[in-house]
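Subject: Structure handover and notes

Hello,

Here is the structure I said I would pass on.

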Amino acid sequence: MTPKDLIARRVAQEIRPGTLVNLGIGIPTRVSDHLPEGMGVFFQWENGVVGLGHRPPEGMGDRHLTDAGGSCVSAVPGASIIDSAFSFGLIRGGHLDLTVLGGLQVDARGRLANWMIPGEYVPGMGGAMDLVTGAKRVIVAMLHCVHGQSKIVPECTLPLTSPRRVDLIVTELAVIAPREDGLHLLETAPDVSLAEVLAATAAPLLVAGEVPEMDLR
């Protein structure tokens, strides 16, 4: 299992039947591949699709049915195509049960930064500001480090997506819950030690007792 698929599989365990879920660009797009059929979960993209299915096999995509990043997707029975205004009405109106977003940084207070400078060849804001503000629950799915540098930091040096504290951070090394008193380490990845997680994390982590290993079955 690749690190990105490990993250996606662990995030999939947080999704409950009958919920409306937004999946961001990048690692979050893999989450739907790790859910069993028949859960009644409706995945939404801000470009106006409600009811996304698994990613189609290579060569079987329809260029008229894409996610917010332009990748081909499939649709489940009962799916709807809506305009962007209606889509953002769902987001801003508080109707999303969960959003799963990628991240560039998360700070010690659980605040997300997942965009950089508009106009440059780097990630832009997109709908992330609305999603972090409007969704009932926010999960960040990202690699723990980039170029050897921790993405979980004492203070974000990139612009904040929202001042709201996210609910959960899932990386290929750990599951971390930002709370009022700091970042709580909930789980480590298989074959990853507590010492390795602490060494790879720039922000302080709170550890209470023995930390269990992720159950990815």
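This is a predicted model: local features need pLDDT of at least 70, side-chain atom pairs count only at pLDDT 80 or more; totals for chains, interfaces and linings use all residues.

Residues are numbered from 1 along each chain as its sequence is written, and side-chain values use heavy atoms, with hydrogens and water left out.

Salt bridges

The structure holds 12 salt bridges. A salt bridge here is a side-chain nitrogen of Lys or Arg within 4 Å of a carboxyl oxygen of Asp or Glu.

Arg92 pairs with Asp130, and their closest N and O atoms are 2.7 Å apart. Helices (H or I, at least four residues) and strands (E, at least two) are DSSP runs, numbered from the N terminus. Arg92 is exposed at 58% relative accessible area, whereas Asp130 is buried at 15%. For these words, buried means under 20% relative accessible area, exposed means over 50%, and partly exposed is in between (1.4 Å probe, protein chains only).

Asp107 and Arg111 also form a salt bridge, at 2.8 Å from N to O. Asp107 is buried, with a relative accessibility of 0%, and Arg111 is buried too, at 15%.

Glu180 and Arg165 meet in a further salt bridge, at 3.4 Å from N to O. This pair links distant parts of the chain, 15 residues apart: Glu180 is in the loop between strand S13 (174-179) and strand S14 (182-188), and Arg165 is in the loop between strand S11 (152-153) and strand S12 (168-170). Glu180 is exposed at 70% relative accessibility, while Arg165 is partly exposed at 34%.

Two buried polar residues

Asn22 sits in strand S1 (residues 20-23). Its relative accessible area is 0%, so Asn22 counts as buried. Which side chain does the side chain of Asn22 make a polar contact with? The partner is the side chain of Gln44, at 2.9 Å. A polar contact is a pair of N or O atoms within 3.5 Å; within protein, one must be able to donate a hydrogen and the other to accept it, and residues adjacent in sequence count only if both atoms are side-chain atoms. Leaving aside neighbours within four places in sequence, Asn22 is in contact (heavy atoms within 4.5 Å) with residues including Gln44, Trp45, Leu96 and Leu131.

Gln105 is part of strand S6 (residues 105-107). Gln105 is buried at 11% relative accessibility, and its side chain reaches the backbone nitrogen of Leu158 at 3.1 Å. Beyond its neighbours within four places in sequence, the contacts of Gln105 include Arg111, Lys151, Cys156 and Leu158.

A helix and a loop residue

In helix H1 (residues 3-12), the buried residues are Leu6, Ile7, Ala8, Arg10, Val11 and Ala12. Among the elements that cover them are strand S5 (98-101), strand S8 (138-141), S12, S13 and S14.

His147 is in the loop between strand S9 (145-146) and strand S10 (149-150). It is exposed, at 79% relative accessibility. From C-alpha to C-alpha, His147 and Phe42 are 35 Å apart in space, and they are 105 residues apart in sequence.

On a 1 Å grid over the protein atoms alone, a cavity is a set of points where a 1.4 Å probe fits but cannot get out, and a pocket is an open set with protein on both sides within 12 Å along at least five of seven lines; lining residues have an atom within 4 Å of a point. Grid points are joined across faces, edges and corners, and a volume is the space filled by probe spheres set on the points.

The structure holds one cavity of 30 Å³ or more. The largest cavity has about 70 Å³ of space, and its lining includes Leu23, Phe43, Trp45, His54 and Asp67.

The second largest pocket has a volume of about 230 Å³. Of the 14 residues that line this pocket, Pro36, Glu37, Gly38, Val41 and Val76 lie nearest its centre.

Regards
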